[in-house]
Amino acid sequence: MTESAAPLRVVEETPAYWRIIFDYPPFNVADGTMFQALQDLLARMNVDPSLRVVVFESANQDFYLSHFDLTGKLGNVMTAVGPSGLPVLADTFVRITRSPVVSIAKIRGCVRGACSEFVLACDMRFASRENTRLGQPEVGVGLHPGGGGTERLPHLVGRGRALEIVLGANDFDGDTAERYGYVNRALPDAELDGFVDVLARRIASFDRRSIAAAKNLINQVSLPSADRLLDALNAFRTALTWPETQQRIQARRVKKTLSACSSDV
């Protein structure tokens, strides 16, 4: 069964396995509408007793999720409080990680900034070897990550590589992302769908209680605290007020007309 709920679609492959397809033309921008859709999805996921696993993918081969919207369409995602007690931006990512449902990011295209932080919040990440660009470009825009990138990356890739990713503000292809631990695996594009589908169906065949218990135990030894995530988001909001940051953002807005994935957060 397929349901339409812009800016994402839910495809129920089985009662235990859903595919969540980002379909928000033209670039799958992470704005207030996208965050509200994710909030609604999480509410639905966590009360469904049959659901075991969701796979997040994109209808756009060039943009998985393109960037964090800094043009006034974010609404209150950095100020309104979600069910976890954190602002909606951080709350969305934290609830994905804490959900009893397993989340898998199947990545094709551009994933940068807050959208990189989205896939970092997912339980697993699998990327197209030929068609992936991952990065945290915030420092290049006069900012720093505020949605968990600086808190989650060191656990995955180590301190030195986390600093390279964040301070270099550059793109990483699928092979490099796999070698660093940014993603679980990079697969040939033609094999990506089949690999993820087999894994998702295998997980979906297991008991929900054992999945949730195992995930919770791993979470306890591998996740940043809510206080650290909140500190990072508050620091990000402060950085947005720096004059030099505002100058860089204005310059990037002009550049954005040439490439929606060039240097956006």
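This is a predicted model: local features need pLDDT of at least 70, side-chain atom pairs count only at pLDDT 80 or more; totals for chains, interfaces and linings use all residues.
Local features need pLDDT of at least 70 and side-chain atom pairs count only at pLDDT 80 or more, while totals for chains, interfaces and linings use all residues. Residues are numbered from 1 along each chain as its sequence is written, and side-chain values use heavy atoms, with hydrogens and water left out.

**View 1. The largest pocket and its lining.** This pocket holds about 380 Å³ of space. Of its 19 lining residues, D123, I218, N219, S222 and L223 are the closest to its centre. (A pocket here is an open set of points on a 1 Å grid over the protein atoms alone, where a 1.4 Å probe fits, with protein on both sides within 12 Å along at least five of seven lines; lining residues have an atom within 4 Å of a point.) Helix α8 (208–222) gives the largest share of the lining, six residues. (Helices are DSSP runs, H or I, of at least four residues, numbered from the N terminus.)

View 2. Look across to Q136: it lies 19 residues from E117 along the chain, with 8.3 Å between their C-alpha atoms.

**View 3. L163 in helix α5.** L163 belongs to α5, residues 159–168.

Definitions and conventions. Grid points are joined across faces, edges and corners, and a volume is the space filled by probe spheres set on the points. Helices (H or I, at least four residues) and strands (E, at least two) are DSSP runs, numbered from the N terminus.
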